[in-house]
Amino acid sequence: MDGGEVGMGLESRYPELSFITSVLDYEKRDVEWSRTEELSLNLPQAAQVLYVYGFSPHISPLLQWLNEDTLRDIVFIEEDLSVVARISEEGHGHLFSHERIHLRLRLDAESLDQFSETLVRDFPFENIGFVNLKMDQEAYEKLKMVLLRKSVVESAVSLELLHYQKLFGNLKANFPLFAQACDVGRWKGAFSGIPAVICGAGPSLRGAKEQIEKMQNRGIIMAGGSAITALSSYHIVPDLLFAIDPNHEEFIRLGLHTAFDSPLIYGCRLQPDVVQAHIGALAYAVTGTGGAIETWMEEQLGIQDPRILEGLSGEALSVTAVALKCAIYFGCNPITFAGIDLSYSGGSRYTEGVVSDMQCALEENFEKASDTRFRVEGKVTMAKWLMERDVIQDTIKKNPQVTFIDGTGKGLMFDGASVKQDWEAHQYELRDIKGLIHEWTESSKFSIAAETIEEKLNLLKQSFKKCHEIISEILEELEALNVEGETREETPREAVLEMDLEEEIAYQLALKGAAYAWTFHIKKALQKESSKRPLFFIKSRLYRKLQLFIEEYVRSI
């Protein structure tokens, strides 16, 4: 290409693009560049990455936005090879000499889903923005939605890896509960043919109050999270409770409920205060929500994964989805949804008696991908609710043996679920539901000694200590290189120590993920500080960060 020196920013950053444009056929044509200064742009101030569909060299408003914060990035997304060729031919490649301006090319052979998944791994942020420089609004909206969904998942994974030591505090506090809990995995088909009502905390729950009351002692009333408190305000005690949220807000919400003696189905990531305030039976479900350490502990204690949640993706591993999958696993039929609106029904997020409007306002951040608002089916919803609706619909589709009922018809519709506001409770026989559940909780208890759990935790603690020792030696090696005139970025002994570190179970379970997540942020710092020895810079910062993590882990064990 005849781009000259000004084109070298693009070609030096992305040499593969020169190769692609030289071997693939495409229509060579003139390109009329959009001018962003002529567009009505509302650039989000909280966003860390701005996805721009299409390319233009006339981006002064975007550059101003970029330069206001060193943590911001701009990503141009292009599908037209003729545009990529013109960038260099017309001398616009110099824009890409800016390390926070990026170009991603999507070829026809690459699916939008695959392209987006790869892209968000490079930019694992939930605060994102979008600009459209192309005429194709439909393609832009499709790209935007996929990137939003992928960003929600990837940013959540990245955030959890960055702060896994905090989640470990919950895991460590809850592991001893195995000695008294029962195994939900042994409840397969336990309630075959018995109706289930799965309650959410949406505004329509109040309207379903009378129907829920009629279903008591005829079906299993299930509630998760805030719905437990909401039902308590209606003087309804659910038969089964579900809770998996690791945040302290979960305890605040549940602190007002009155279903203290109903069995609680939980995951180990749950905020420990929730369990400590509960006096009913504890029923453990393998959810995979506690990361690698949780899975390792389950394996060490012989806890089998019955795949209850198989098919649930990271897009909607919510307490409602967990309750739904459990109801199917238990053999419940039909399954009725109540208060699962997944929209602002009547302008509200929750039914009365859960949280204040002020608390709702504090929770919402519409510059986050998960909280991005849409209007669907005439209702206002958010990206995370759309994702959850799709997962529920997929679950319905894969279980044709079960009858699904939308018990209010007030929220987003579920394909495959019939809308019935009169549930005809009289057609189901009266049963001692609570007694039946009690029998299962008593007959399915784990046979795990508290001493065994403590032994496994100590094994993990010793491995963390060993990791700390190895990293200290690695840092000594790096410090020896930190002298004037030294050009090496690593030593042979350091390489051996790193192999020893990777063998440690604590590294494999916790530190490896943290290293993966933190490397991205350290590379961002490298851009700002412009170190002449990038590998040395990254390693030095990363190992010091991992040492701090280890010290926090060890203190909590």
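**Helix packing and salt bridges in a predicted model**

Q: What kind of model is this?
A: The model is a predicted one.

Q: At what angle do H12 and H19 pack?
A: Helix H12, residues 291–300, packs against helix H19, residues 505–529, at an angle of about 140°, and their axes are 7 Å apart. That angle makes H12 oblique to H19.

Q: Which residues meet there?
A: Ala292, Ile293 and Trp296 in H12 meet Ile505, Leu509 and Ala510 in H19. The contact of H12 with H19 comprises 6 nonpolar residues, no polar and no charged ones.

Q: Turning to salt bridges, how many are there?
A: The count comes to 32 salt bridges. One of them joins glutamate 477 to arginine 493, with the closest N and O atoms 3.2 Å apart.

Q: Where in the chain do glutamate 477 and arginine 493 lie?
A: Glutamate 477 is in helix H17 (residues 450–481) and arginine 493 is in helix H18 (residues 492–503), so the pair, 16 residues apart, links distant parts of the chain.

Q: Is glutamate 477 buried or exposed?
A: Glutamate 477 is buried, since its relative accessible area is 18% and the cut-off for buried is under 20%. Arginine 493, at 39%, is partly exposed.

Q: And what separates glutamate 117 from arginine 121?
A: Both are in helix H5 (residues 112–122), and because they are 4 residues apart, about one helical turn separates them.

Q: Which residues make up the network with Glu117?
A: Salt bridges that share partners join Asp113, Glu117, Arg121 and Lys150 into one network.

How values were computed: Residues are numbered from 1 along each chain as its sequence is written. This is a predicted model: local features need pLDDT of at least 70, side-chain atom pairs count only at pLDDT 80 or more; totals for chains, interfaces and linings use all residues. Side-chain values use heavy atoms; hydrogens and water are left out. Axes are lines fitted to C-alpha atoms, for helices over the stretch in contact, and angles run from 0 to 180 degrees between N-to-C directions. Helices (H or I, at least four residues) and strands (E, at least two) are DSSP runs, numbered from the N terminus. Angles under 35 degrees count as roughly parallel, over 145 as roughly antiparallel, 65 to 115 as roughly perpendicular and the rest as oblique. Contact means heavy atoms within 4.5 Å. Ala, Val, Leu, Ile, Met, Phe, Trp, Tyr, Cys and Pro count as nonpolar, Asp, Glu, Lys and Arg as charged, and the others, Gly among them, as polar. A salt bridge is a side-chain nitrogen of Lys or Arg within 4 Å of a carboxyl oxygen of Asp or Glu. Buried means under 20% relative accessible area, exposed over 50%, partly exposed in between (1.4 Å probe, protein chains only).
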